[in-house]
Every structure is written in C-alpha cells, then in structure tokens.
Amino acid sequence: MSRLKFSFLLFLILFWGSESTAEEEKEANEEFTEALLLRPLPDRKVLAHFHFQSSAPPTQTYGRHHHIFPKSIYQLVHKFHIREMELSFTQGRWNYERWGGFDPISSSNAKPPGVELWADFDVPQNQVDDSWKNLTHALSGLFCASINFLEHSTSYSATQWSFQSSSSGKLRYGTLPREAVCTENLTPWLKLLPCRDKAGLSSLMDRPSIYRGYYHSQRLHLKSDDFDTSKISSSGIVLEQTLTVVLQPNTFSGKRLQPSWSLSSLFGRKVTGKCSLSNSSNVYVQFQQNLVSEENESREKNEGQKNEILIHEGSHNNPLFALSHPPKRVIKEVENFQKEGSILYEYSVEDFDEYGPFELGLRWKVPVVWSCQQAPLHASRFLLGSGNERGAIAISMKSTRSNDIEIAGLDDEKSCSLRVGIFQVVPWYVKVYYHTLEVFLDGESQATMDNIEKIHVSPSEDKVSPGVMEIVLRLPCSVKTAALTLEFDKGFLHIDEYPPDANQGFDIPSAVIHFADFVANMTFEDNLSKEIPILSKLQEKTPVRSYTEVLLVPLTTPDFSMPYNVITMTCTIFALYFGSLLNALRRRRGEEERLLKGKGAEKGPLSLLLSRLSAKLRGKQWEPPKPSSSSSKKSSVNYKLVAKVVLVAGIAIVWQFYYQ
C-alpha cells in the first residue's frame, strides 16, 4: 500500500512539473505578427501602413539561440547594450495639413527626409559616445547606407527631454537629411522578416509600386530590458518594423468621385496567404466617422445641421462605399472630447492561398469629403535675411483650432495654456546667437521669459559639436499664430570640408515639435484588440509630434577651378624643365661630334667632281674643303650644357625654398 502511495505521489509531481514546464515554454516562445492598415485620404490618395513585430524572450531564461528573431539585431542589442533604438529611412515629406497630425500613425511614423537615428544605451556615461560610433558603423553595413557619417561629434547630439527615453542622459540623436533611400536599404530591412518578401503581407512590397508613392518611410524600432536588473520579470527584446507609404490609385473615377482601388491596383500583387511563421496576419481598412457626401454637406450647411453620416457596421448597406469582401469583424473607436472616433474593418489572411488569393477592393458610391484630425498647431520653418554673411531662422506656428476643446472645458480662458516643445539641432558652421531669441504671439513681440517654461541650450563648437536648443513654450490656448526667431552668422569651411555639391547649399536638419498636453492614441470597445500588436500599438499613449522642413543654407564657397588651374600650370612647368634637364644630362656630345666630323671627311669622288665642275662654270678657282676646328665647337657646346644645368638647378632651388 505504501508503495502505491509513493508511486501516485511521484506521478503527481511529474505531472505538475511537466505542466509548469509547458507553461513556461509557452510564455517564453518567440512570436511574430504581421498586419496591414489601409486608410483613404481626403486628397484622393491611400495610406498603406505595414506593421511587423518580432519578440524574443529574455536571454536568462531562453538562451541566445533563436528560430524567428533576427540574429543580427540580437547581436546589436547585446554588443552595444541598447535599451531602445529607432532608425528610419524616409523619402518625401508627410503632409500634415491633408494627411493628419493627431493620430498614432502620423505621430510615430511621419519622419523627416533622409535618415534619422536615436539610441538609448545602458552603459556608463563615459562609454556612450564610443557605443554610438560603433553602432553607426554596424548599422551602416547592415542596411547599406551612409549611417557611419553620424560617428563624428559634429553630426549627433544629446537630448534632455525631447524623447521619451532621454531622461537618463544616455540618448544620442543624429540625422542625415540628404541621404537617398532606395531598394538597397529596403532589401536588408526585409531580410529581418522570417518570410522576407516571399510570403505573407510582405509579398505586396513591389519595389516600383512603393517607390513611386508620394511618401515612403521604413522604420525599425526595438526595445530591450535584458540589462535592467531592477525588474523582476523581463519581456526580452521587441522588434517593430513598419513601412508607411502614401500611394496614388491608378484607377480613374471622375473628378468628383474618390478613386476606387484594390490591392492589385495599389501594389501590383495579391496576397497568397499568410507567412507560415506568423501568429496572426490581418488586414484593416480604416475610415473616419466624419465621412459625408458633398450633396448632404451643402444642404446641411444651409440648414445649419450637423453635416455627418456615421458609417454603418454592415459595409454592403453603406450609402457611401462598398467593400469587395465582408469583414471578419468591425472594431469601433470610442469617441472622446479630443477627437471623433474611427472604425476599422478587419480581414484575416489565414483562409486564403495561392489558388484563392486575397484581393480586397474599395468602391465609392457617391462623392464624399472629410478632413483628418490636425495637431493643435501647424509648424513650419524658414530662413530670413540675404547674403552669405548672416541670417535668421524662424519657426512659425499657426493654430488649427484643435485646441478649442481645451477652452470649451474651462470657465476662464486665461487659465488655459498650451505647452509646445521644440528640439532643434544646428550644424557648427551656422553660428547661432541664442541670446537673440524672440517670441511673437499674434504678430506682437513678447517678453521672452514670460512664455518659456524651460530651456536648455548647448552652443556649437567649431568642428567639434553642433548647436542644440531644447525649449518648452507655454502659450495661451486662444493664440492664433506664434513665431520664434534666432539670428546666426555663416561660418567658413576648409576646402577639404566641402561636399561635392557645395553650391547646392548645406542642410539644417528638421526641428522636432511636440505637444506635451496631447497624446495620440485610439481606444476601442473590443477588449480583444489588446492582444493584436498593431491594435495595441494604436492604443498606446504617444505624444503628438511633428517635424518641420529641412532648411537649405547657402554658404560662401571658394572657386574650385583655381586648384585645377594651379595643378595644370605646375605640372606643365615641371614637365618642361625636368624634361630639358634629363635631355641635357643624357645627351652624348662626343659621339655627335665624331659623327659630324665623319660626315665632313667622308666625301666621295663624285662629290669632289661635282664641286670642281660647279667652280669652273662659275669662273672661280676650286679649293679643296678644310677640316673645321673641333676645339671651338666643343667649347660652345660645353658652355650651352653648363648654362642649361645651372638654370634648371637654380629653378629647382628656388622652388624648394619657396615651398619650405
């Protein structure tokens, strides 16, 4: 009996152990998801947002070997101790007025032109710069780009509070506005995916279709807490890859009607199934709730009613548009006091294959108009002044009336304030005078410190570091226009520091504008949406952020043809004199004199007979030829040789003395 109890107890222990091990393995498994979000835009274009997320469990529990997570990214994180990093390659500029600036996609994925890189390291403070330089070289080789140009101290800066992870003081930020983006950067980015571009939603990434768009931005964001020993439970490494493209449909639907489109018309391909290694593969179509037809808009404006038609759950009975496939489910966004909600139609790609590919299409029934939610202020930046000596940088901000929601909830408008943060990096050769900072509100100059909550300035140092300004303004909510101006002088560069296209001008990177009191997130009624990475990402509270234009500053450039002229003249002089010197030194004078003598002495009888005949015909007496004196010829030849050698030697001595 005791033996039976012992065996039963042993069985229970083994059973519980196997269950706990299975649960731990289930929790520690790698995950990969893919999703595509499609959204019509008011200016007859379509936004396509690809979202891929790969996660690796903590190294302490799972080990260093992975099946899905890219090995190159894992090595980067552990070699340089990266806590958080973001890298983006962008072509074109995001249109905040037409495509929106208050939603999560525009706040997180609307990036400045060129390359933008920032990284937060988990290393001692004295090793941050070395880790940054090594990271730029590694990323440059990994993505076939010129990211290694960010290694110099004049190309990157340290931020204080402009980014979420910058409070530790170990964050570095750098941009390359003139970096060209092409397929050489997209191909390594696709190689980080488990199925690359062979299967799943990534198979839609046809290169000509993507690069003919109005805006293209590929982004890589990773976050790791493997080095944080203070946390009890670690989530490992999370890699997020997004590709945001604004495309123009090729179909023609008339001047008033929005263009209809499908996946094949946008990308030239169809989805033949999901990636076999992905946990989920979904396609979402997003519509704004303020869609309204043009006829109803004009009629309801005259009647003074609310010009809005809500989108019904059933897409077949919708009076505005029709979708080619019925959605798997409909996800509604909860409206709040800051913005109107939107609606998402979800489609699963798991039920489709190469014999029955997934082809989603949208057809508009009537002309519709709508507007995207704008940020509280629309920012733009430009240059003031003329000439190659001095100038000024101006940042202008115009109200989009999105801050009226703040005023409506307060009894006293004077107590309402709008916090605006500005982060600007200026190269060292643009010498900014930060004491000339002026603030204008509604066209009137204001006391500078009355509207500044906090400011951090790091002046530039010649050929060492750029100038950095971080400032937080507190503006009244009723403000219509606000502007900042900074004066600067243009510096001089050494001839070796000019780029090949120096006459085109020099770039000042985009300034970052963020609104601390506003967050861009979406809230859905369905609780299951938190389990899907793309929907969970849309629900994260991210600050509303926008980027200004890249400024092009003309600097004084030298005449690059003068070095060419000097080189050609110098080479010509060297060739003439050294050629003469070598000719004089290597010439054999004795052999030439003997040859001349032999020619004069070796006259044949025929030549003597002819000379006698010619003398008789002329009536003169014939005289035999006399040999010439060789001593006089030799002295004259030696004199010329010595004169040439002395002349060349004198020129060489003067040349050497002049350059020393």
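## The second largest pocket

The lining of the second largest pocket divides into 17 nonpolar, 9 polar and 7 charged residues (nonpolar covers Ala, Val, Leu, Ile, Met, Phe, Trp, Tyr, Cys and Pro; charged covers Asp, Glu, Lys and Arg; polar takes the others, Gly among them). In this predicted model, the 33 lining residues include Phe 149, Thr 154, Ser 155, Leu 176 and Tyr 429, which lie nearest the pocket's centre. The space inside comes to about 1,000 Å³.

Which strands supply at least two residues each to this lining? They are β5 (156–158), β6 (171–176), β19 (417–426) and β25 (506–508), and β6 gives the largest share, with 4 residues. Strands here are DSSP runs of E of at least two residues, and helices are runs of H or I of at least four, both numbered from the N terminus.

## How the spaces are defined

Pockets and cavities are found on a 1 Å grid over the protein atoms alone: in a cavity a 1.4 Å probe fits but cannot get out, while a pocket is an open set with protein on both sides within 12 Å along at least five of seven lines, and lining residues have an atom within 4 Å of a point. Points are joined across faces, edges and corners, and a volume is the space filled by probe spheres set on them.

## Cavities

By this rule there are 7 cavities of 30 Å³ or more. The largest holds about 110 Å³ of space, and 15 residues line it, with His 49, Pro 104, Asn 109, Lys 537 and Leu 538 closest to its centre. Helix α5 (104–109), helix α12 (533–538) and strands β2 (46–56) and β8 each supply at least two lining residues, with α5 giving the largest share, 4 residues. By class, this lining has 5 nonpolar, 6 polar and 4 charged residues.

The second largest cavity has a volume of about 70 Å³. Among its lining residues are Arg 93, Tyr 96, Gln 374, His 378 and Tyr 547.

Beyond four places in sequence, the contacts of Leu 243 include Ala 48, His 49, Phe 50, Trp 189 and Met 205, where contact means heavy atoms within 4.5 Å. Ala 48 is 195 residues away from Leu 243 in sequence, yet the two C-alpha atoms are 8.0 Å apart.

## The whole chain and its confidence

The protein has 16 helices and 28 strands, and 46% of its 660 residues count as buried. Among contacts between residues at least 6 apart in sequence, 76% join residues at least 24 apart.

Average pLDDT (the predictor's confidence in each residue, from 0 to 100) is 82, and 79% of the residues score at least 70. Strand β8 (residues 237–247) has the highest mean, 96, and helix α11 (residues 404–408) the lowest, 45. Residues 17–27 stay under 50 and have 0 contacts beyond four places in sequence.

Residues are numbered from 1 along each chain as its sequence is written, and side-chain values use heavy atoms, leaving out hydrogens and water. In this predicted model, local features need pLDDT of at least 70 and side-chain atom pairs count only at 80 or more, while totals for chains, interfaces and linings use all residues.

Terms used:
Buried < 20%, exposed > 50% of the residue type's maximum accessible area, 1.4 Å probe, protein only.
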